[in-house]
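Dear colleague,

I am handing over the structure below, and after it I set out what was found, chain by chain. Please read the notes with the structure open beside them.

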Amino acid sequence: MPASILPGTLDLLILKAVSLGPQHGYGVLLRIEQISGGNLLIEQGALYPALYRLETQGLISSEWGVSENNRRAKFYSLTKTGIKKLDSELRQWNDLVSAMSLALGARA
Amino acid sequence: MKLPFFKRAAVERDMAEEMEFHREARARDLERQGLSPAEAARQARLEFGSTEAYREECRAALGYRIWDELAADTRFALRGLRQHPGFHAAAVFILTLAIGVNTAFFTLYSNYFLRPMEVSGADRQYSLAAYDASGGRISGFNLAEIDALRQAAHGEMEGLFTAHGLTALVHSPVHRQSLVISVSADYFRLMGGTPRLGRTFTADEENQSVTVLSHHGAQRLFPDTPDPIGRTLRIQTVTLTVIGVMPATFTGNSPALPDLWIGAGMRGLVHRTEKVFRNNPAFERFDVTGVLAPGISRERTEAALSAVAARFERPGEKPVARVELKQQSSFLAAEGEGRVVALLLFGAFGIVLLVACANLANLFLARAASRTHEIAMRLSLGASRSRIIRQLLTESTITALLGAAGGCILARAAVQWGMTWAESIMGAHGVVLVPVATDWRVFLYAASLGAAAGVAFGLMPALELTAPNLTQSAKREASSFAGRVRPRRMRNLLISGQAAASVVLLLLGALLTRTIQRVAATDYGYDAARVFALRLDDPSPAILREIGQLPGVAAVAKAGSVPLWGDLPRASATAGGHTREIRYNSVSQGYFEVLGLRVEGRGFKAGEAESHARVAVISRATASKMWPGASPIGQTFTLKSGETTTPEQYEVVGVVPDVVSGFPTRGKDTSAVYLPAAENSPEQASAMARITGNIRETTEAIRQLCARSTGCDPMSSAEAAAFQTTPFRIAGTIAGILAGLALLLTGAGLYSVSSFSVIQRRREIGVHLALGARPAWVVRRMLGEALRCVGWGVAVALPLCLAFSRIAASNVTVIQTFDTASYLAVPLLLAVATAIACAVPARRAASVDPASALREE
């Protein structure tokens, strides 16, 4: 059953999705669903404030282009700063997960 | 991504388009999964969520939210202003007054101390300060030394110049008191000024009798011709030829525009300088300013100058150890004492603003009571406390900025009026002031004061209004804040603060007024209006004899120091084994007759000075000091002054009553010894006369008499005294205005607080009255509370003032810093003001109808 994502992890997911190649908002949504195997629930509209925030922080950049079916769409791609940030966030996330697993798996 | 304000509409469009694209794409995917187009579209919309909410979040992410909220708050505030015009008009009026006086003062300060002069290279101007080895300040360099410095810093500085102003009497072509500035030859070049007629000084004209006129100087001195080049004018005994006229836009580096400029070397001839300079003009010292070449460092130039200055020969004085450059791009530089005075003045004006803010805080607190319902509604609908505080602060800041705008207008008018008044006084002495400009600094200052005031008086009511009150929900009372003590204490605290501030300003005004009164009422010991300093260029015995023979002139004399024109020199006198410091004056035979003093014993006989007779006439105070109880006539004492190398013995031949010989504020001389002076002795440059006839006619007659040979400009000692007390009068007027404002604001604040308290406590008053209290009791109670409030403020302020005056007393000898009458009168004045302010509210309280008051539920 798909789990709703933890607050604060949406940014990380977006960065990961965009790192796979430039994509518009809807495409990012599809990609996240795809790479999570359909196991994560994302509120669709909540994507956009996060995208705008990440752009203001300089982690992704946007450009208007043409989508697969000749419609005008805004495409997002990762900046150099974004790549660095993605790496550090991933490391932090892995550290957190292993620490939590260790703690929760401890026997009395 | 920056905030593209001008592209806001485009950004909004893009946002809408982007989200629309998303929904359409989702709808197409759903269609492909088998739903009907209508069903797919609906599902896509549901899945997307609340578009408007997300758009708002996007706006927040872009940074627009703050500005949107600010715009909304502003619109709301303006609506509130329109709904309660009376209340806000009162607030704006109070702020206009308070910010206005502050801005007016700042306009003057900024023009003279902050704004760079309108000359080229103003930002590269530095004044030279010389110090000796122990850090003591050495003042000035003579012309030869300035030349040496100029050569030493040839590569680093564009030039060095001096500029020294003095007032002198021009005799021809018109008879006029003029401001003259003596300058170095390259002054005009360094200031970037080109003459509109003729030329300026060449390098060797510093000692020549030539002059450059200013624009208005040419108009005043040569009104009959548009081209005065080549004409001459006479100052004292010097005839100057006009070689150039400067345009009206040239200001130079002085806040006062002169009539004419002369070379620095001519200063001694034109100005009645001290005896030592008359004999040795080479030693006359000047303050020097330098213009640094662009890109040159200050330290390097200081090193070059110090190296040369250290080699200057100054026998008998401490040699120069180093020269420092102090930047001075504005007309005046505030340093040392000046800075302290400026700070004190800013403080005094700032106090008025604080009082106004306290007043407004009280007003807004009172008004807040009527808004608790509105605020409570907002809080319950989800507004955060900080958001509401921000909105309330926007309201108060807008009101304050309106007050600041009004203050700017008021300040500008006040400064114009003040400058006109100052010019009317100074014009008689030949001084024309550079116009004062209201520039961006003034506007910025007023706006900053407005913003600060807005936060200051808006924050407290905002915090009070939004503070959570758990018990309020349980009660339902018409008068809000009921049961909460804090607001009332806050209001009383504000009133006490205002009272304290008023006390400080009132005391200042009272002390200054008393000083002026005391000086005006001083008994000089002679009729100061009839004693004239003749101010002759060349007081020869011949001219004095002629003046003495004019009808209306009772006597003439010469003296080292004319009474009320300056302190007497000091010397030490030894009598009967005791040595004391006394003050002395070298006077000619007719001195006592000019002052109209009766001499016990005898005065000086003719020829006594020429024969160096060692006789002296002393004042009564001196006599009782040196020979208490005995008659001093015939006694001898030894005198050692700065001018004599060995002590000399004198015999007392006469005693005169005590008079005021020094500055008028000093009071009667504590000691005065009069020594005989010869009529033609060079030390006595000052001639005096006693005029018993019609003053105007007689002074005119004297002028006519002198015009043939030398010049003269008789001025009475009374006028000199009045001139010297002008600064006190100005200060007293300003202090009076500030104190009056503070008192008015405090009174208004008291009135509003009392009125509000009556409304708030109607039921309580009704209960008291119903239970048998008399109206007079209600009035007494209310007055008592108000007086207690004010009393706390006075109790805090008076000791502070006393402590401060102790510190000030050591530095300020002219103003008496402790005056019993003032310290008693000011609290009394405040008490009376309190009673007046509370009169109407008290009457309203007394006339409360208990029945109707209790019926209010």
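**Chain A and its sheet**

Among contacts in chain A between residues at least 6 apart in sequence, 50% join residues at least 24 apart, where contact means heavy atoms within 4.5 Å. This is a predicted model, in which local features need pLDDT of at least 70 and side-chain atom pairs count only at pLDDT 80 or more, while totals for chains, interfaces and linings use all residues. Residues are numbered from 1 along each chain as its sequence is written, chains are lettered from A and ligands numbered from 1 in the order in which they are written, and side-chain values use heavy atoms, with hydrogens and water left out.

Chain A has 4 helices and 5 strands, where helices (H or I, at least four residues) and strands (E, at least two) are DSSP runs numbered from the N terminus. Read from the N terminus, the order of elements in chain A is β-α-β-α-β-α-β-β-α. The C-alpha trace of chain A spans about 60 × 30 × 20 Å along its principal axes, and 38% of the 108 residues of chain A count as buried, that is, under 20% relative accessible area, with exposed meaning over 50% and partly exposed in between (1.4 Å probe, protein chains only).

Within chain A, an open sheet of 3 strands is arranged in the order E2-E5-E4 with antiparallel pairing, and two strands are said to pair if DSSP finds at least two bridges between them. Strand E2 (23–24) and strand E4 (60–66) of chain A are at the edges with a single partner strand each, so one side of each has no neighbour in the sheet. The antiparallel pairing of E2(A) with strand E5 (residues 72–78) of chain A rests on 2 bridges, and A:Gln23 has A:Tyr76 in E5(A) as its bridge partner. Helix H1 (residues 8–33) of chain B lies across E2, E4 and E5 of chain A and runs at about 95 degrees to E5(A); axes here are lines fitted to C-alpha atoms, for helices over the stretch in contact, and angles run from 0 to 180 degrees between N-to-C directions.

Helix H14 (residues 385–426) and helix H15 (residues 440–466) of chain B have axes that come within 7 Å and cross at roughly 145 degrees. The contact of H14(B) with H15(B) has 18 nonpolar, 6 polar and 1 charged residues, where Ala, Val, Leu, Ile, Met, Phe, Trp, Tyr, Cys and Pro count as nonpolar, Asp, Glu, Lys and Arg as charged, and the others, Gly among them, as polar.

B:Glu395 is placed in helix H14 of chain B and is buried, with a relative accessible area of 9%. The side chain of B:Glu395 makes a polar contact of 2.9 Å with that of B:Arg371 and one of 2.6 Å with that of B:Gln391; a polar contact is a pair of N or O atoms within 3.5 Å, of which, within protein, one must be able to donate a hydrogen and the other to accept it, and residues adjacent in sequence count only if both atoms are side-chain atoms. Leaving aside neighbours within four places in sequence, B:Glu395 is in contact with B:Phe76, B:Ala77 and B:Arg371.

B:Asp439 sits in the loop between strand E13 (432–433) and H15 of chain B, and counts as buried at 14% relative accessibility. Its side chain is joined to that of B:Arg441 by a polar contact of 2.7 Å, and, not counting residues up to four places away in sequence, B:Asp439 touches B:Ser110 and B:Arg115.

**Strands in chain B**

In strand E19 (residues 615–619) of chain B, 5 of the 5 residues are buried, so the strand is largely enclosed by the rest of the structure. E19(B) pairs in the parallel sense with strand E21 (residues 648–656) of chain B over 5 bridges, and runs antiparallel to strand E22 (residues 673–676) of chain B, to which 2 bridges join it. B:Val615 has B:Glu651 in E21(B) as its bridge partner, whereas B:Val617 stands opposite B:Tyr674 in E22(B).

Strand E3 (residues 157–172) of chain B is joined by 8 bridges to strand E4 (residues 176–183) of chain B, running antiparallel, and E3(B) and E4(B) form a hairpin with 3 residues between them.

Best regards
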